[in-house]
Amino acid sequence: GAQISPMTQTIPPRLQASFDRQSMMKTLGATLVPAEGAVVIRAPMAPHLLQQQGAAHAALAFAIGDSAAGYAALATMPEDRDVMTVEMKINLLAPAVGEYFEAVGKVVRAGKRLTVVTAEVFAISGARRKTIALLQGTMIPVDPA
């Protein structure tokens, strides 16, 4: 299907305000990054995020990928709605080794009830940008908390 472009070069205040309420994103040191046609979340490599072999734990890729995809979905929903993940699949393609990580979330199809989303997670070191994970899932609109 056609890509929906939920974001421009500025982050909608509604998405930033929601993101700022996520203590998990604060724990990860993650930030929203302005992007065209996607939602991008960036998180640094940090000593408290490692698995036993020295790479970032897969939970980091999942958390920022799920949130990037979720905010891409939220951007397509009415102002009086919030969003939650119904299901999310992840393929881990390479060890998460880099200076920082970026998740690029996009909407594949926004339906009346369910929104299908994807996210690609990259490890970035200098000029090197390597895909480390792909996510695909389903989001649902919910009443705000």
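Contact here means heavy atoms within 4.5 Å of each other. The views show a predicted model, in which local features need pLDDT of at least 70, side-chain atom pairs count only at pLDDT 80 or more, and totals for chains, interfaces and linings use all residues. Residues are numbered from 1 along each chain as its sequence is written, and side-chain values use heavy atoms, with hydrogens and water left out.

View 1. Strands (E, at least two residues) and helices (H or I, at least four) are DSSP runs, numbered from the N terminus. T115 has a relative accessible area of 2% and is therefore buried (under 20% relative accessible area, with exposed over 50% and partly exposed in between; 1.4 Å probe, protein chains only). Setting aside residues up to four places away in sequence, T115 touches A73, M77, V107, R109, A110, G137, T138 and M139.

View 2. A119 counts as buried, at 2% relative accessibility. Neighbours within four places in sequence apart, A119 is in contact with G65, A69, V104, G105, A133, L134 and L135. H57 is 62 residues from A119 in sequence, and their C-alpha atoms lie 17 Å apart in space.

**View 3. The buried side of helix α1, residues 13-20**. Buried residues in α1 are R14, L15, S18 and F19. They lie on the same side of the helix because they cover an arc of only 130 degrees around the axis, the arc being that of the directions from the helix axis to the C-beta atoms. An α-helix has 3.6 residues a turn, so residues three or four places apart point the same way. The packing partners of the buried α1 residues are α2 (23-28), β1 (31-33), β2 (39-44) and α3 (58-74).

**View 4. Helix α3**. The 17 residues of α3 reach 24 Å from the first C-alpha to the last, close to the 24 Å expected at 1.5 Å a residue; the expected span is 1.5 Å times one less than the number of residues. Of these 17 residues, 14 are buried, so α3 is largely enclosed by the rest of the structure.

**View 5. The largest nonpolar core**. A nonpolar core is a set of buried Ala, Val, Leu, Ile, Met, Phe, Trp, Tyr and Cys residues joined through side-chain atoms within 4.5 Å. The largest has 39 residues, and I64 and I132 have the most contacts inside it. At least two residues of this core come from each of α1, α2, β2, α3, β3 (82-92), β4 (100-110), β5 (115-125) and β6 (128-142). Helix α3 supplies the largest share, ten residues. A second, separate core of seven residues includes V33, A35, A38 and F122.

**View 6. I132 and A94**. Beyond its neighbours within four places in sequence, I132 is in contact with residues including A61, N91, F101, V121 and A94. A94 is in the loop between β3 and β4 and counts as buried, at 18% relative accessibility. With neighbours within four places in sequence left aside, A94 is in contact with K130, T131 and I132. The C-alpha atoms of A94 and F62, which are 32 residues apart along the chain, are separated by 13 Å.
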